[in-house]
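My notes follow the order in which I checked them.

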Amino acid sequence: MSYSNLKRVDLIFDKECNPKEIIKNTWAKSNDQIINELLESGLKGRGGAGFPTALKWKYTAEQPEPDKYIICNADEGEPGTFKDREILFKVPQKVFGGMVVGAKVIGAKEGFIYLRGEYRFLLPELEAQLEIFHASLKDLKIDFRIKIIMGSGAYICGEESALFESMEGHRGEPRNKPPYPTISGFRSKPTVINNVETLVYAFMICMHGARKFKDLGTADSRGSKVFSISGDTPKAGIYELELGMTVEQFVEEFGDGDTKAVQVGGASGFCVPRKKFKETIIGFEGVPTGGSMMLFNSSRSMFNVLHNYLEFFEEESCGQCTPCRVGCQQLILGIEAVKKGERHANYLEHLQKLAQTMKITAKCGLGQSVANSFFSIVENFKEEMIY
Amino acid sequence: MPEIKELVKNLAGKHGRTRESLIPILQGVIHEERYISDEAMTEIARELDISAAQVYGTATFYSFLDTQPRGKYVIRVCRTISCAMKGKNLITHEIEDMLKIKIGETTQNKKFSLLETNCLGWCHKGPAMLINDEAFTDLTAEKVREIINQYMKK
Ligand code: SF4
Ligand code: FES
């Protein structure tokens with residue numbers, strides 16, 4: 001495959017790697033050395049929020065509490081995101097490796113993988129891989145175990161505190177923050193929770209050193225990232241690419257020649273219209289993304305796209321707070337009314353105010369991020385909302 | 001319902017009797033029964049010594065923990081955007097046609113239930129569906145007919 005203007009990277013899926021060796025070498029280092037290496041690399045969480053991984057580990061390590069946990073968040077559910085499945089399928093040992101290194105740094109004896117229910121078919125193979133992993137830990141005389149917890153089909157459980165609730169046997173309803181998981185997470189103990197991709201990159205940095213990672217990307221968005229690409233594209237699939245490209249470069253590579261919009265970051269992300277392709281950088285200085293990239297060509301109605309997203313949020317809202325629970329429903333009814341001509345086009349402005357209110361008042365990321373797709377689609381494709 | 005009692009007891013023996021065991025037990029009931037009946041919920045509540053309302057509250061939160069009777073094979077067709085763009089409607093219609101049921105319903109012989117679900121994580125290979133735990137991708141009307149026919153014979 002030709003990559004005219006994008007740099008393809010092969011850190012994650014590169015099979016040339018002996019996890020046991022990396023673990024052994026990492027064990028020879030001090031925790032401060034590991035944290036400094038990670039800090040130096042500039043690795044930020046790959047789930048979308050982008051918190052520096054080194055700091056998360058450092059804060060948790062500093063907690064005096066003896067019981068701590070490390071959790072791998074494998075509950076990706078953002079429409080358009082499917083990279084973690086591929087990572088877990090192809091390089092599970094690297095994911096476990098990232099977890100045991102994290103466990104060393106923070107002082108955890110136990111780790112958990114929270115796997116989304118939709119990926120249950122991965123379970124037998126993952127369990128088999130875990131057995132191999134645990135055996136090599138035993139060889140290395142490292143006292144650490146990983147257990148896989150199955151989700152039951154709830155997008156909101158990807159939110160870290162909802163995930164803890166679910167692991168504790170409750171409805172997956174997000175908790176108030178603070179306290180943050182670094183202080184009070186699973187079982188109210190200090191917890192590091194990282195997504196699958198973040199853990200693998202942390203492990204790869206232990207293997208290659210900070211330099212190799214840091215030399216990739218831009219000042220704000222270091223390194224490479226796994227993208228899952230779907231929609232109107234002849235090259236749908238999973239790609240590990242250097243960060244810092246513009247949407248235009250991306251579309252040149254992955255578009256079908258008629259791309260009118262790219263949804264960066266899934267349903268909770270931002271819609272970038274054609275006229276902004278050139279100026280928009282994919283990364284923290286432009287549009288951040290957990291990895292989902294959806295392309296739409298001119299045969300698509302952006303009204304339908306927005307409607308589908310809103311239905312998704314309406315159904316996946318945990319219902320705990322009013323702005324999100326009622327807001328999602330009202331946004332759907334609102335855009336339907338405008339489309340049918342029952343409301344004047346000005347009504348869209350009221351709806352935007354409602355979305356803004358949700359952004360400010362909703363308790364967790366789900367309700368807060370509805371505004372992202374809503375604003376960016378309504379602003380950029382207003383005619384399609386009306387006619 | 002002695003069998004349910006037995007099943008719940010076994011599951012509790014396997015997963016433990018703390019609150020953290022609740023979801024694994026519910027998942028175990030689903031695996032055996034395809035849905036969680038009122039009796040099962042009452043039994044679980046008794047076994048874990050929590051209120052039935054708590055069991056109900058947790059069970060109804062999750063889309064895979066059905067509290068209505070379902071068929072032996074639960075078909076979940078993805079309705080989210082990438083699959084919708086690639087023609088998931090065609091797939092759903094094909095299944096409705098073959099099984100003579102609508103979304104949300106179960107066939108008379110209790111063999112199949114048809115549901116819609118949100119993104120399954122196969123967006124690059126849409127339309128996609130799950131039958132119980134197994135994923136099927138790149139669906140066409142033809143492919144779906146073949147798959148369902150296979151399951152009919154099971
Ligand atoms: S914003 Fe939505 S999902 Fe988040 S806590 Fe409130 S109701 Fe639940
Ligand atoms: S949109 Fe159907 S699997 Fe993701």
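I looked up burial in chain A first: 60% of its 387 residues count as buried, where buried means under 20% relative accessible area with a 1.4 Å probe and protein chains only as cover. I note that this is a predicted model, in which local features need pLDDT of at least 70, side-chain atom pairs count only at pLDDT 80 or more, and totals for chains, interfaces and linings use all residues. Residues are numbered from 1 along each chain as its sequence is written, chains are lettered from A and ligands numbered from 1 in the order in which they are written, and side-chain values use heavy atoms, with hydrogens and water left out.

Chain A, fold. I found 15 helices and 9 strands, taken as DSSP runs (H or I, at least four residues; E, at least two) numbered from the N terminus. The radius of gyration of chain A is 21 Å, close to the 21 Å of the globule rule for 387 residues, so chain A is as compact as a globular protein of that length. That radius is taken over C-alpha atoms, and the rule is 2.2 Å times the number of residues to the power 0.38. For contacts (heavy atoms within 4.5 Å), I read that residues 24 or more positions apart account for 73% of those in chain A with a separation of 6 or more.

I listed 7 helices and 4 strands, in the order α-α-α-α-β-α-α-β-β-β-α from the N terminus. Of the 154 residues in chain B, 56% are buried. Residues 24 or more positions apart supply 62% of the chain B contacts with a separation of 6 or more. The C-alpha atoms fill a box of roughly 50 × 30 × 25 Å along the principal axes.

Cores. Which residues touch the most other members of the largest nonpolar core? I noted A:Phe296, A:Met302, A:Phe374, A:Met385, B:Ile36 and B:Ile44, out of 73 residues. A nonpolar core here is a set of buried Ala, Val, Leu, Ile, Met, Phe, Trp, Tyr and Cys residues joined through side-chain atoms within 4.5 Å. Helix H11 of chain A (residues 302-316) gives the most to this core, with 8 residues. Another core lies apart from it, with 59 residues, among them A:Phe13, A:Ala108, A:Cys206 and B:Cys119.

I then followed B:Ile36: leaving aside neighbours within four places in sequence, its contacts include B:Leu26, B:Val29, B:Met41 and B:Leu65.

Notes:
Buried < 20%, exposed > 50% of the residue type's maximum accessible area, 1.4 Å probe, protein only.
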